[in-house]
Amino acid sequence: MADSIMSKAATMEIPINSNGDTGSLPEDDSLEQDLQQVMVSGPNLNETSIVSGGYGGPAGGIIPTSSIKGPAVHYNPQYLERRRAPATGPDIRMKSRGVNLGTSQSSDRLANHNQPHPGSSNHSSGNSTEELTRGVAVEKLDSVKKWGINTYKCTKQMFSERFGRGSRTVDLELEAQIDLLRDTKLKYENILRLATALTTHFQSMVQTQQALGDTFTDLSQKSPELQDEFGYNAETQKLLCKNGESLLGAISFFVSSVDTLVNKTMEDTLMTIRLYENARLEFDAYRSDLEELSMGPRDAASMVRIEMAQHEYQHYRDKYERLRSDVTIKLKFLEENKVKVMHKQLLLFHNAISAYFAGNQQQLEQTLIQFNVKLKPPGSDKPSWLEEQ
């Protein structure tokens with residue numbers, strides 16, 4: 001077997017073209033390695049034989065080759081150099097498979113060059129987010145800085161006024177109206193507290209009268225000898241209970257109206273007054289700051305600070321005047337609304353109380369109709385079963 005393999009390797013032919021050079025036909029790498037091995041060592045021709053007949057012929061067709069000397073293949077170094085040199089055209093085997101190696105590699109390089117880096121979008125988005133966060137932080141820092149400066153100046157102005165070393169802007173007429181409003185609010189709060197207490201006590205009395213009337217009615221049915229007496233008292237208590245519920249409705253309406261006037265209308269005006277007082281303090285603080293700068297030297301840096309102080313002074317002056325106008329208008333409308341509301345409520349309270357204690361049920365009912373007072377049905381104050389869940 002070994003002899004036949006070596007004989008085949010010794011009789012292999014190297015294809016050449018018409019010019020005597022090797023062609024560019026595809027060669028296997030294993031063939032090149034075999035050729036290199038044969039060129040270096042050469043086959044042992046003394047132990048080989050040449051078969052002259054066909055495959056499976058008689059043994060007599062074997063010709064011994066012991067007389068042949070030297071290698072059957074000559075070494076050609078130019079052939080190997082041409083094999084190792086890069087091919088100018090595409091590989092025949094890759095071309096036969098439908099693959100254009102040079103074109104695909106160049107297209108891949110262009111695609112990779114044009115394709116953005118995977119992390120570039122994330123990097124740019126991260127930069128934009130960081131810039132946005134930095135902008136928000138700078139804005140907050142500026143607002144805190146302005147708030148700190150404003151608070152310092154206002155606190156300084158407040159202590160200066162407390163210790164009598166600073167001046168303040170005073171509107172005597174407006175200050176008198178504000179003081180009157182605060183005093184009126186305190187008195188109305190007292191009326192509201194007393195009226196609420198009267199409502200609570202009177203409601204307890206009405207509930208007691210209702211329970212007493214139910215007891216008289218029960219005893220009139222169980223005591224035949226006192227049936228008429230218990231019946232009279234039961235009817236009287238029921239009538240008082242009915243009138244009491246009507247009076248209770250009138251008092252509750254009075255309390256509700258006064259509560260709206262005190263805790264909503266007056267409180268809204270006092271809120272505007274508090275804003276006005278803060279604006280007045282800021283205005284005086286920046287006015288004092290401008291006066292101090294105006295009394296100092298007049299160099300370039302001082303002129304810049306004076307100009308900035310003048311701008312801030314004008315801003316807070318406009319704010320102060322705007323709020324002062326708002327307070328004046330609200331005080332005027334509050335006074336008109338207070339007179340209108342209290343005139344109606346005080347008349348309702350007087351007529352209802354007089355009719356109840358005079359025992360005039362008809363007049364009491366007319367009073368409720370006159371002031372559009374709607375009585376709540378019994379048990380309406382209790383929460384529904386949905387609210388209790």
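Reader: How many aromatic pairs does the structure hold?

Author: The structure, a predicted model, holds nine aromatic pairs. Rings of Phe, Tyr and Trp (its six-membered ring) pair if their centres lie within 6.5 Å. Local features need pLDDT of at least 70 and side-chain atom pairs count only at pLDDT 80 or more, while totals for chains, interfaces and linings use all residues. Residues are numbered from 1 along each chain as its sequence is written, and side-chain values use heavy atoms, with hydrogens and water left out.

Reader: What makes the pair of Phe202 and Tyr356 edge-to-face?

Author: Planes under 30 degrees apart count as stacked, over 60 as edge-to-face and the rest as tilted. The planes of Phe202 and Tyr356 are 80° apart, with 5.3 Å centre to centre, so the pair is edge-to-face.

Reader: Which parts of the chain does this pair link?

Author: Distant ones: Phe202 is in helix α7 (residues 172–222) and Tyr356 is in helix α9, 154 residues apart. Helices (H or I, at least four residues) are DSSP runs, numbered from the N terminus.

Reader: Why are α7 and α8 called roughly antiparallel?

Author: Axes are lines fitted to C-alpha atoms, for helices over the stretch in contact, and angles run from 0 to 180 degrees between N-to-C directions. Angles under 35 degrees count as roughly parallel, over 145 as roughly antiparallel, 65 to 115 as roughly perpendicular and the rest as oblique. The axes of α7 and helix α8 (residues 227–294) cross at roughly 160° and come within 7 Å, so α7 and α8 are roughly antiparallel.

Reader: What is the contact of α7 with α8 made of, by class?

Author: It has 29 nonpolar, 17 polar and nine charged residues. Here Ala, Val, Leu, Ile, Met, Phe, Trp, Tyr, Cys and Pro count as nonpolar, Asp, Glu, Lys and Arg as charged, and the others, Gly among them, as polar.

Reader: How do you know that α9 is roughly antiparallel to α10?

Author: Helix α9 (residues 300–357) and helix α10 (residues 361–370) pack at about 160°, with their axes 8 Å apart. That angle is why α9 counts as roughly antiparallel to α10. Leu348, Asn351, Ala352 and Ala355 of α9 make the contact with Gln363, Leu364 and Thr367 of α10; contact means heavy atoms within 4.5 Å. These residues divide into four nonpolar, three polar and no charged.

Reader: What makes α8 roughly parallel to α10?

Author: The angle between α8 and α10 is about 25°, with the axes 10 Å apart. The pair is therefore roughly parallel. Among the residues that meet are Leu239 and Lys242 in α8, and Gln361 and Glu365 in α10. The contact of α8 with α10 divides into five nonpolar, three polar and two charged residues.

Terms used
Helices (H or I, at least four residues) and strands (E, at least two) are DSSP runs, numbered from the N terminus.
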